[in-house]
Amino acid sequence: MSEGSTPQGFSGRTVRSGDSRSPLRDFLRTETGSVAVLMAAALAALVWANAAPAAYEALWRTELSVRVGGYVVALGLREWINSGLMALFFFVVGLEARREFDMGELRELKRVTLPLLAGLSGMLVPVALYLAVNAGEPSAHGWGAAMSTDTAIALGMLALIGRRMPPGLRVFTLTLSVVDDFVALAVVAFVYSSHLSVPALLCAAAVFAVVLLVRAAGVRQGAVYALLALALWIALLESGIDPVVTGLALGLITSAYPAPRSELERVSDLFRFFREQPTPDLERHVRRRLASAISANERLQRLYHPWTSFVVAPLFAFANAGIELSGDQLSRASTSPVTLGILVGFVLGKPVGILAASSLMTLLSGGRLRPPVGWGAVAVGGTVGGAAFTVSLLIAALAFDGPRLAEAKIGVLSAIVCSFVLSRLLTLLITALPRQLRLRALLGRAETIIDLAAPVDPERDHVRGPRDAPVTVVEYGDFECPYCGKAEPVVRELLAGDGDLRYVWRHLPLTDVHPHAQFAAEAAEAAAAQNRFWEMHDLLLDHQGALRTSDLLRYAAELDLDTGRFRRDLRDHRAAARVAEDVESADLSGVSGTPTFFVNGRRYHGAYDIVGLKAAVREARARVAVID
């Protein structure tokens with residue numbers, strides 16, 4: 001049960017579950033990677049719409065019907081994408097939002113409040129500006145097109161212009177985008193939907209209630225939820241509410257949780273049984289238990305997120321971004337209140353709304369509520385938030401048609417370009433600041449969320465390096481884990497090159513996959529009783545293939561330990577309770593594999609090569625310097 005390594009450095013880990021890279025980082029990586037595909041699709045749509053506008057529109061207006069018995073659903077091809085495939089897109093958005101509420105950056109209430117209010121303000125201010133520009137005009141009803149950030153494009157912009165931005169800015173931007181999507185879909189459902197059918201709406205509510213009951217009953221079969229999701233989608237379609245809200249609602253009720261150790265141990269036992277008796281029935285049982293050890297939220301994200309990012313969103317762009325850019329069209333757009341309202345709303349209203357709400361909350365709370373990054377980074381997040389696309393085009397298509405729709409699309413595309421330019425200029429300005437001011441502008445003074453459940457205790461923990469060092473790296477390790485062996489030279493190089501760093505080793509013997517790990521951990525503690533922990537630690541990691549009792553006794557002799565005392569300590573398992581305390585602290589911290597690192601209490605995700613760990617240490621030291 002192990003994972004391989006990436007070309008950038010070691011990233012494998014011996015696991016007690018399906019633990020892997022951070023789900024949030026995977027989410028961000030996919031979003032930023034897909035932005036090129038999204039932009040290419042939008043560009044292709046523009047080229048086609050200007051080369052052959054009739055053919056472009058004819059394709060997307062093609063009617064596609066699905067008949068089951070006497071019931072028929074007939075929609076245009078563009079509507080199938082906008083109301084059908086986009087439901088899957090928002091399902092993934094809902095999944096990520098729920099994961100952040102359950103396990104991520106938003107699991108603490110105080111960390112939800114400020115991004116929530118900043119996100120709402122970042123929608124209300126653009127809407128107010130749009131309404132001001134369109135005051136007294138029939139186009140005022142299209143205010144919803146000027147409110148929602150596109151997650152993929154915003155994160156893609158950060159990848160292009162924000163390489164020196166703190167990682168917390170990406171999390172902050174993602175949170176704002178989730179708030180945007182949630183409110184915007186509510187607006188779609190209740191403002192831009194057609195006349196409501198009460199019976200169909202009641203039917204949709206009943207179906208959703210069934211979904212909740214099935215979930216509470218512990219049903220895990222995906223086919224059951226797929227059928228219920230289809231029924232909910234059809235009921236909402238018939239009710240007059242845009243059925244894309246189906247995806248967001250189902251995503252938000254799909255909880256995320258770390259795998260419990262009891263489940264992981266059962267999986268390990270089943271795997272050994274399968275090794276002894278590789279029968280088809282046992283193989284199916286093992287696969288089901290392996291899947292059940294990981295939350296449905298994470299499994300569904302990994303399954304659908306690449307599809308929504310690389311297929312659904314670009315297909316939406318291809319179907320909706322095509323507009324004729326003739327001289328007359330651009331001339332009309334330059335004076336159109338629709339175009340100007342959307343442009344001013346996103347380019348000016350987004351950063352003003354986000355900055356104003358964040359600063360007001362910080363002021364009113366006396367500094368208890370702060371953005372997770374500095375004010376310069378918040379400003380960059382606000383300008384990046386002006387990148388509209390998916391939801392804005394969706395609402396524009398519902399609110400307008402004909403020339404007004406084309407003007408709205410020009411406003412949305414112009415907002416992307418202007419937001420990118422403004423964000424780039426702002427990052428260049430921050431980069432030009434003196435170092436201390438730059439760090440304060442990027443990192444701010446907010447306390448970071450702590451993932452390490454048991455704080456480091458120098459009187460109890462095994463510590464290498466200065467006890468008062470500003471940065472502490474904690475590793476949960478297993479002496480028999482091959483990936484811990486690969487990480488050890490990296491840790492030694494890190495310590496050798498940084499005299500202002502302390503390193504802590506905590507035991508996490510994975511006895512279900514490494515039979516000698518527990519005894520090796522107790523041997524290290526027996527050596528610690530004679531003040532030779534680190535010498536034994538180094539020997540054990542250097543000789544991971546030789547951890548039997550005779551080997552441990554030989555190492556004790558090499559270190560000139562009292563071998564009689566060492567042997568008695570091993571025989572009586574005197575260090576077992578000490579090792580168990582480390583294992584318990586690992587469980588409380590959500591650690592499910594080795595090696596797992598924490599840097600100043602924050603869990604480190606990524607390759608454990610010298611470049612990655614140095615970068616994490618450097619960021620932690622900079623944050624300490626700013627706070628102090």
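In which helix does Arg-289 lie? Arg-289 lies in helix α11. This is a predicted model, in which local features need pLDDT of at least 70, side-chain atom pairs count only at pLDDT 80 or more, and totals for chains, interfaces and linings use all residues. Residues are numbered from 1 along each chain as its sequence is written, and side-chain values use heavy atoms, with hydrogens and water left out. Helices (H or I, at least four residues) and strands (E, at least two) are DSSP runs, numbered from the N terminus.

- Arg-289 is partly exposed, at 22% relative accessible area. Buried means under 20%, exposed means over 50%, and partly exposed is in between (1.4 Å probe, protein chains only).
- Ala-406 sits in helix α17. Its relative accessibility is 15%, so Ala-406 counts as buried.
- From Ala-406 to Val-338 the C-alpha distance is 9.6 Å, and the two are 68 residues apart in sequence.

**Cavities**

- The structure holds four cavities of 30 Å³ or more. A cavity is a set of points, on a 1 Å grid over the protein atoms alone, where a 1.4 Å probe fits but cannot get out.
- The largest cavity has about 60 Å³ of space. Grid points are joined across faces, edges and corners, and a volume is the space filled by probe spheres set on the points.
- Residues lining the largest cavity include Thr-149, Asp-180, Lys-350 and Gly-385. Lining residues have an atom within 4 Å of a point.
- Helices α4 (109-133), α6 (167-190) and α14 (337-364) each supply at least two lining residues to the largest cavity. Helix α6 gives the most, with four residues.
- The lining of the largest cavity has three nonpolar, six polar and two charged residues. Ala, Val, Leu, Ile, Met, Phe, Trp, Tyr, Cys and Pro count as nonpolar, Asp, Glu, Lys and Arg as charged, and the others, Gly among them, as polar.

**Second largest pocket**

- The second largest pocket has a volume of about 1400 Å³. A pocket is an open set of points with protein on both sides within 12 Å along at least five of seven lines.
- Its lining has 39 residues, and Phe-91, Gly-222, Tyr-225, Ala-226 and Ala-229 lie nearest the centre.
- Elements that give two or more residues to this lining include β2 (63-68), β3 (71-76) and α8 (222-239).
- Helix α3 supplies the largest share of the lining, eight residues.
- By class, this lining has 26 nonpolar, nine polar and four charged residues.

**Nonpolar surface patch**

- Leu-160, Val-417, Phe-420, Val-421, Leu-425 and Leu-428 form a nonpolar patch on the surface, with about 550 Å² of accessible area together. Patch residues have over 30% relative accessible area and no salt bridge; nonpolar side chains (Val, Leu, Ile, Met, Phe, Trp, Tyr) are joined within 5 Å, like charges within 9 Å.
- Accessible areas come from the Shrake-Rupley method with a 1.4 Å probe; for residues, only the protein chains shown count as cover.
- Helix α17 (residues 402-431) gives the most to the patch, with five residues.
- Val-417 is in helix α17 and is exposed, at 54% relative accessibility.

**Salt bridges**

- The count comes to 25 salt bridges. A salt bridge is a side-chain nitrogen of Lys or Arg within 4 Å of a carboxyl oxygen of Asp or Glu.
- Glu-488 pairs with Arg-492, with the closest N and O atoms 2.9 Å apart. Both are in helix α19 (residues 482-497), four residues apart, so about one helical turn separates them.
- Glu-488 is buried at 2% relative accessibility, whereas Arg-492 is partly exposed at 31%.
- Arg-578 bridges to Glu-525, at 4.0 Å between the closest N and O atoms. This pair links distant parts of the chain, from helix α24 to helix α20 (residues 517-528), 53 residues apart.
- Arg-578 also meets Asp-582 in a salt bridge (3.0 Å, N to O). Asp-582 is buried at 0% relative accessibility, and Arg-578 is buried at 13%.
- Arg-460, Asp-461, Arg-506, Glu-525, Arg-578, Glu-581 and Asp-582 are linked in a network of salt bridges.

**Backbone geometry**

- Most residues other than glycine have a negative phi, and most peptide bonds are trans.
- A cis peptide bond joins Thr-594 and Pro-595, with omega about -5°.
- Asp-560 has a positive phi, near 60°, and is exposed at 68% relative accessible area.
- His-573 has a positive phi, near 50°, and is partly exposed at 42%.
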